[in-house]
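Please consider the following model and the account of its chains, their architecture and their contacts.

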Amino acid sequence: MEVMEILENLRDNYFYFIAMVLFIVGFHTMLTHSNLIKKVIAMNIMDTSVFLLFVSIGYVHGAKPPIMDTVQPEGVYINPLPSALIITGIIVAISITAFALSLVAKIYQYYGTIDADEIAEIRGSEE
Amino acid sequence: MYALEHVLNHLPAILVISLFVFAFIMPLLFIWKRDWCVPVATLSMGLSLAMSLALVIQVNQVGTFVYHMGGWEPPYGIEFRVDYLSAYMLLVLHGIGLLILVYSIGDLKKELADRVIGWYYTLYLLLMGAMSGMALTNDLFNLFVFMEICAIAACAIISIKEDRECLEASFKYLILSAMGTGCYLLSVAMLYMITGYMHMEKVAVALETGAAEYPYNVLVAMSLMVVSFGVKSALFPLHVWLPDAHASAPSPSSAVLSGLVIKIYAVAMVHLIFRAFPRELFEMIPMLEIILWLSTLGIIFGSIFAMVQENFKKMLAYSSIAQIGYVFLGIGLFTPTALVGGLLHILNHAVMKSMLFMVAGIIIYSSGIKRLQHFDGIASRLTWTMVAFTIGGASMVGIPITGGFISKLYLAQGALEVERPFFLLVILVSSLLNAFYYFPISINAFLAEQKREDITFKPVLKSMLVPVLILLALIIFLGLNPQPVTNMLEQAAEMLFE
Amino acid sequence: MEDQIVRMICRIIVPFIQVYGMFIIIFGHLSPGGGFAGGAIAGASMVLFALSFNLEEGSKKIGEETASVLESGGALVFAFMGIISIFLGGNYLANLAAGFPGGTTGKLLSGGAIPVITLGLGIKVTSSIITLFYHLIGGEEVEEHGSDGNSGESQG
């Protein structure tokens, strides 16, 4: 049956499914919620979900972590390329979060509120 | 000299790294020797301009060549690939970047607080380094890293002014840019899942068989890539961050953002379309049709929005949305002639729009006028500035003798080649709309009587006027004699299409 | 926060956190971690110190100028290792291909240029986290510079 096939696919690849759910949660929150700090948190959730998808691509069941084992060098290691890329990606996400939070601190200093709708009203009445 | 030969072999890496090294030396200089910041920044931009000229000469002699980072062959290592399009884009970036840096020396003392002027040059050099890296790289994840550095630096040079409006505009730009980056990373993950490679040509080879087995992954990857590059380079429905961001930034930042930053994402998209996806895929998935229609909407609506603006810099920002539509029109028509037109428009618009933003900065510096209705009769005091504005406006419309005419000619020829004369009509209508909002300003400035007597005009600094005049000469030179540039671009388009 | 218990425990535990951070940085090429993770932990120790004592005491330990110099210095170490490998004959950032001494796998002094790069990166990330903390928590005064072109502009 079609439904049984879909449920079996979900049970085998549950990493990908969870990553996609987190991505959509982060994307939707970033667009619709009006609190600026929530937008920054949602940006982090979105980036983390893509990192989760990337790392789980390289996973092999029952293999060793990708560090050179001097005692017993043979055997199956998991794919080291996604892990190495994601370390760089995490640092990039940290930098963007730091910059966004300092911008929010400055906006609070100037406007007195961190609600995006109120800021748009203040800007509209100033023009 | 042995050292010179050594440097010439490793030019792609040294170009990008020298900009980053100078960007990191700037904070040290700011603490210990504050007066050296500006000369060292100018020296760094001059060095990188010399290096990009050397790269152009090398590409003309040798053809396309590659550079492996760390000596590791792909797929284990990152590759920098220098072809005609990359060399052309580097020359545009560093030439106009140097002129904007010279302009900013005089302008920044008035617009920014004293303690942040040294940091402005750090961010500027980081931005230039990241854009050079984006033009050169041949690796999907390396493109992501350079895209992020470029996004942070671009948002920071807007918000360094610490005004009420530029903070909000910079935050909006940052959030939308982060959304675009998330989508790009997801599409890279999809491509990696099918092919297992990060190197663009190997991805194309593996996709020839992989696209038939996993059609949904490829569809998701291509659509997310259009969204991501569309957000970052202001394709039509995703352009909402651009007017506020470019209008409220300090004038040199507006010139860099409108002239260079939104173009480099279009060039990165050209690289991806032509290197990373096999050609048969575009007949099954109508990605280019969608880009074509969105760019048309952008051209028409950008001009319509620009006509109703009262603030001078906001009008120029909406005009940027219309002009970047021409570049995407050249990409979407997908023939060599149209692609040459689109890529030539990158150079023309970079020169024109940077000059127009510099003119706006000079007017604000000298008299404080920001609204178009106060422009009556200012040409009697700021003569050369308004002459530059008139020639720039004529080039935007596409009058012959100026550079803008040549790129629109190529685009029109490309539209006729694929037998879609509707886009020729779009180009003509949009030129007419451009004339509606550029010419009244010039007429107002030259011929009307000056109504307001209380404006005092400060004298314009030489260091602010000279870059404007150099760019003015360049527009006229490109209009009369575009042969050197179009030869290089025709070779680039031929090589991309084979 | 000026609690006695918090200060006492902070005084005891900060050296251990710093040793742990340095351990992860120094063994970065042999075990998981490396410059980023180790730098974050060592930076967190200074953040803990500044939180439980005053911000001025934290500034006395590592001042703002020192943190700025360390930040730029760490990044310059990374860039210069690549330029050194150009001078030694390989491409940019080449490791064993350029002639750095390799050593035996698994020992501390092995891997060519990687330990030096990891050390520079660790110092940079530590001082970055300290600088970010000082600027976000310390705050700055709002300066009203009225000379940004608003003169000569009437209302409307």
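In this predicted model, the buried residues of helix H3 of chain B pack against H2, strand E2 (79-82), H4 and helix H5 (117-136) of chain B. The residues of H3(B) that are buried are B:Cys37, B:Ala41, B:Ser44, B:Met45, B:Ser48, B:Met51, B:Ser52, B:Leu55 and B:Val59. A residue counts as buried here if 20 or more other C-beta atoms lie within 10 Å of its own.

The length of H3(B) can be checked against its residue count. The helix covers residues 37-62 of chain B, and at 1.5 Å a residue its 26 residues should span 38 Å; the C-alpha atoms at its ends are 37 Å apart, which agrees with that expectation. Just after H3(B) comes B:Gly63, which takes a positive phi of about 95°.

Chain B contains 20 helices and two strands. Its radius of gyration is 22 Å, close to the 23 Å that the globule rule gives for 498 residues, so chain B is as compact as a globular protein of that length. Taken along the principal axes, the C-alpha trace of chain B spans about 75 × 60 × 45 Å. Of the 498 residues in chain B, 58% are buried. Among the contacts in chain B with a separation of 6 or more, 79% are accounted for by residues 24 or more positions apart.

Chain B is divided into two parts, domain 1 (1-285) and domain 2 (287-498). The C-alpha centres of domain 1 and domain 2 of chain B lie 23 Å apart. The contact takes 38 residues from domain 1 of chain B and 44 residues from domain 2 of chain B. On the domain 1 side, the elements of chain B that give two or more residues are H4, helix H9 (215-232), helix H10 (242-248) and helix H11 (251-275). The largest share of this side, 13 residues, comes from H4(B). By class, the side of domain 1 of chain B that touches domain 2 of chain B has 26 nonpolar, eight polar and four charged residues.

B:Met284 is placed in helix H12 of chain B, which covers residues 281-284. With 12 C-beta neighbours inside 10 Å, B:Met284 counts as exposed, because the exposed class takes in residues with 12 or fewer such neighbours. The C-alpha atom of B:Met284 is separated by 45 Å from that of B:Ala23, and the two residues are 261 residues apart along the chain.

Chain A has another architecture to examine. It has five helices and zero strands, and along the sequence chain A follows the pattern α-α-α-α-α. A compact globule of 127 residues would have a radius of gyration near 14 Å, but that of chain A is 21 Å. The C-alpha atoms of chain A fill a box of roughly 70 × 50 × 15 Å along the principal axes. Buried residues make up 21% of the 127 residues in chain A. Of the contacts in chain A between residues at least 6 apart in sequence, 50% join residues at least 24 apart.

How do chains A and B meet? In the contact between them, 24 residues of chain B touch 23 residues of chain A. On the chain B side, helix H6 (140-159) and helix H7 (164-195) are the elements that give two or more residues. H7(B) provides the largest share of that side, with 16 residues. The residues on the side of chain B that touches chain A divide into 16 nonpolar, three polar and five charged.

Chain B also makes contact with chain C, and here 24 residues come from chain B and 25 residues from chain C. The elements of chain B that give two or more residues to this side are helix H2 (11-32), helix H4 (84-111) and helix H15 (336-367). The largest share, eight residues, comes from H2(B). By class, the side of chain B that touches chain C has 13 nonpolar, seven polar and four charged residues.

Notes. Residues numbered from 1 in each chain as written. Chains lettered and ligands numbered in written order. Predicted model: local features only at pLDDT ≥ 70, side-chain atom pairs only at ≥ 80, totals over all residues. Contact = placed C-beta atoms within 7 Å. Helix = DSSP H or I, 4+ residues; strand = E, 2+ residues; numbered from the N terminus. Nonpolar A, V, L, I, M, F, W, Y, C, P; charged D, E, K, R; others polar. Rg over C-alpha atoms; globule rule 2.2 N^0.38 Å. Expected span 1.5 Å × (residues − 1). Domains from an automatic or database assignment.
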